[in-house]
Amino acid sequence: MDIWGLTSLRASVRRVPTLSREWGGAMARLRDSGASSSARANGRQASTARDRLDEAITELRRLTRGQLFQALERLADVEDIRDASSVSVESVRRLRVWSAEHLRLAAELEAAARCCRLIEQELNRQIDATLAGSDHEADALGDHRVDAPPVKGHPTSHRKTHRVMGVSGWLRLFAPHGRSAHRRRRGTKLAMVSTAVPYRPAIAPPSAQPLLISGMPEADVTALILGPLELSVAGRHVVRWNSLKARAVFQYLLIHRGRPVRRDVLMDLQWPDHTYTSARNNLNVALYSLRNTLEGPWQGLQPILYQDGCYALNSELKWWIDRDEYLSALSRAHLVRSSGHAIEAVSHYQKAVELYRGSLFEDDSTSDWYLAEQRHLNELYLQALESLGEIYLNLGDPSSARKSAQLALARDACCESVHRLLMRCYAAENKQQLVSRQYGICVKALRDELGVSPGVETLRLFYDLTSATS
């Protein structure tokens, strides 16, 4: 989204309170003209419409807070990027950080634009229904009064009458609120209390059938997190998440399985700009949604446990997580290889490679706390492929070694050690022309991606392999 798109989005956000007043006036005029009240008969339809609009407005409020625009304005200043044009490892690192930040903000802005479109579509649909003379629809969407059940222990025993918000009330949720009287325990910054409506992400759901991995045992909960998140609960594949925050909390608990996670950690991670009360309430809503997602025939067992201010996955259930199996396979491979059992190590390396479907939480563009772990697991994957290639080459199978090396370069084209492995494979097959070509590919990849030249070891290997036949 360019700067003009950003300006348009901000203008749309500022127009929401105006739309709220116009819509509220239209509803009042309809009621004054004699629109009949049929809220009870049409409550379900009104609730569905209200949920759709609430969800879009709640997410739009989150996405359009000041920090998003401030971050965008900060990244829009290209002077620092120009200053980082010198060739150095630090410059490359800074440019990669900037690139990742730009991608994250682009995803946030796209999500905000989707919310604006959803709000527009919902309002247009309701306006069309109203103008078509649908009296019962107008009553269902307008402000009306219903009887609320008496509160236990209240001094009055009769039912109290409460006002239910119509569309104007929903839109006022997006208008600026008064600041909360509560302050964060570790600071004085005030924040608005968000609504407790869970957000349903507007992303394409995964396939209806879970991805199968050979040798995967049966488990109460199966989570594939290397690549897009795939979750099966008691054999039931979870196709759609009702709450993006519930998924985010679940991902954090998965990575930290085996040790309790403090409630404050989850609150600060997912709702850093909220008041303590607001963050706690939002966490409770997310956990309620998560427990519903993980519901199964557990005979009273809770999949998420809470004790002493901490949350943890219930170890009494059988969990199968591909990341854990991946790390276990790599550990066994390194152990048997160091013991001199290269052929046995191949099977463990192959299992690890099969488990690695892609980067950790590949389909999640809303969080960044796991990026260090994501890079670590990716490095282990590259090392596993390189180790496989080395073993195959030492066993006299350069063809299989080439396949492993090419898989690694498809993941990281700048891995010099893998380029050297491929050069050695071609030399073992007496394909000197391909050795030179591979060296050229290595030089180009390092120059284009990192702005550096091959290291001394790569240059020496190239000369050794090509001079042997000259």
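The model is a predicted one, so local features need pLDDT of at least 70 and side-chain atom pairs count only at pLDDT 80 or more, while totals for chains, interfaces and linings use all residues. Residues are numbered from 1 along each chain as its sequence is written, and side-chain values use heavy atoms, with hydrogens and water left out.

On to the overall fold. The chain has 17 helices and nine strands, taken as DSSP runs (helices H or I, at least four residues; strands E, at least two) and numbered from the N terminus. Of its 470 residues, 44% count as buried, that is, under 20% relative accessible area, with exposed meaning over 50% and partly exposed lying in between (1.4 Å probe, protein chains only). Among contacts (heavy atoms within 4.5 Å) between residues at least 6 apart in sequence, 67% join residues at least 24 apart.

Now for the strands around S8. Strand S8 (residues 310-313) runs antiparallel to strand S6 (residues 261-262), the two being joined by two bridges; pairing requires that DSSP find at least two bridges between strands. Four bridges join S8 to strand S7 (residues 304-307), again in antiparallel fashion. Cys310 of S8 turns up in both pairings: Arg262 has Cys310 as its bridge partner, and Gln307 stands opposite Cys310 too. S7 and S8 make a hairpin with two residues between them, and Asp308 in the turn has a positive phi of about 55°.

Leaving aside neighbours within four places in sequence, Tyr326 is in contact with Leu226, Ala352, Leu355, Tyr356, Leu377, Leu380 and Tyr381.

Another tyrosine, Tyr252, sits in helix H8 (residues 244-255). Tyr252 counts as buried because its relative accessibility is 13%. Not counting residues up to four places away in sequence, Tyr252 touches Val261, Val265, Leu266, Leu269 and Trp369. C-alpha to C-alpha, Tyr252 and Leu269 are 9.6 Å apart in space, and 17 residues apart in sequence.
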